[in-house]
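I put down each question as it came up and what I found for it.

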Amino acid sequence: MSEVTSALLAGAIVLALVLHLAWQARASRNRASMALAVEQGRIRTVVANAANVSDGTAGVITWEGSWNSQRVQVRTIVDTLATRKLPARWLSVSIIEEVAVPATFDMMMRPGSPTTFSNFDHLEHTLPKAPGFPAEAVLRTDRRAARFPQGLIASHIEIFSEGRAKELLITPKGIRIVWLLAEAERARYGVFRQAEFGDATLDPALIERLLVSVSALRDAINKSERQAA
């Protein structure tokens, strides 16, 4: 084989490889766009006017809209921190309305490692737990002297007994719950280091259930505060 032929052959192989990678990248973008459209449709069965307001942060998709006359936010977060055994996909559901609490109240289940969705690790003060909170829960706040209606809160967190609820955040500006949607497929992540979550997608019934849960807790806190005033 002449040098010219060898050069042409090598060039053809490189061109074929480049075209194949470009095709793979385009196919991946198309799949991601289709998946995003499907998930937005599912969210809109619960939050009819949900709009995608994502700011481009990698792995984070955010929708905002209104539900039962309250401003709400639905967010998915892919957490690939190296401190986790497997990447995780979280669902964050928030009501962005006033809550009658004096400071930030953050309950994290099994806070063994940092997360990408929470400032829990930056809250300086750990709260003693009132009866009724899960044994795995840790409570923190940003104000040492703040007092919270812990008995009332504990009576509204049955959903945390299922093991997938990770965080309950209550601030004067809103209330949020974070739920574990899925962990990455172990075999694929182990070989290719790719965070694939299989067929785990957003379930409208789950979104509505979480909204109902945080809404009921917000209403109870605000009602208690009005009665105490």
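**Entry 1: strand S5**

Which residues of S5 lie on one side and which on the other, and are they buried or exposed? I found Phe105, Met107 and Met109 on one face and Asp106 and Met108 on the other, and all of them are buried, where buried stands for under 20% relative accessible area, exposed for over 50% and partly exposed for the range in between, with a 1.4 Å probe and protein chains only. I noted S5 as mostly covered, since five of its five residues are buried.

Before going further I wrote down that this is a predicted model, in which local features need pLDDT of at least 70 and side-chain atom pairs count only at pLDDT 80 or more, while totals for chains, interfaces and linings use all residues. Residues are numbered from 1 along each chain as its sequence is written, and side-chain values use heavy atoms, with hydrogens and water left out.

Two strands count as paired if DSSP finds at least two bridges between them. S5 (residues 105-109) pairs with S8 (residues 165-171) in the antiparallel sense over four bridges, and within this pairing Asp106 stands opposite Leu169, while the bridge partner of Met107 in S8 is Leu168. S5 is also joined to S7 (residues 137-141) by five bridges, again antiparallel, and there I found Met108 opposite Val138.

**Entry 2: the whole sheet**

In what order do the nine strands stand in the sheet? I read the order as S1-S2-S3-S4-S9-S8-S5-S7-S6, in an open sheet with antiparallel pairing. S1 and S6 (125-127) are at the edges with a single partner strand each, so one side of each has no neighbour in the sheet. Helix H4 (residues 204-228) packs on this sheet and touches S2, S3, S4 (88-95), S8 and S9 (174-183), and its direction makes about 45° with that of S4; contact here means heavy atoms within 4.5 Å, and the angle, on a scale from 0 to 180 degrees between N-to-C directions, is taken from lines fitted to C-alpha atoms, for helices over the stretch in contact.

At the S1 end, I saw that S1 (residues 51-52) pairs with S2 (residues 60-67) in the antiparallel sense over two bridges, with Asn52 opposite Trp63. S2 in turn pairs with S3 (residues 70-79), antiparallel over eight bridges, and Val60 stands opposite Ile77.

**Entry 3: the turn between S2 and S3**

S2 and S3 form a hairpin with two residues between them. Asn68 has a positive phi of about 50° although it is not a glycine, and Ser69, also not a glycine, has a positive phi of about 65°. I noted these values because most residues other than glycine have a negative phi. Asn68 is exposed, with a relative accessible area of 56%, and Ser69 is exposed as well, at 77%.

**Entry 4: helix H4**

How far apart are the end C-alpha atoms of H4? They are 36 Å apart, which agrees with the 36 Å that its 25 residues should span at 1.5 Å a residue, the expected span being 1.5 Å times one less than the number of residues. Among the buried residues of H4 I listed Leu206, Leu210, Val214, Leu217 and Ile221. At the N-terminal end, Asp203 caps the helix, with a side-chain oxygen 3.0 Å from the backbone nitrogen of Ala205.

**Entry 5: a loop residue and the chain as a whole**

Thr115 is in the loop between S5 and S6, and at 16% relative accessibility I counted Thr115 as buried. A polar atom of the Thr115 side chain lies 3.5 Å from the backbone nitrogen of Ser118.

For the chain as a whole I counted four helices and nine strands, and along the sequence they follow the pattern α-β-β-β-β-β-β-β-α-β-β-α-α. Buried residues make up 40% of the 229 residues. Of the contacts with a separation of 6 or more, 58% are between residues 24 or more positions apart.

How values were computed. A polar contact is a pair of N or O atoms within 3.5 Å; within protein, one must be able to donate a hydrogen and the other to accept it, and residues adjacent in sequence count only if both atoms are side-chain atoms.
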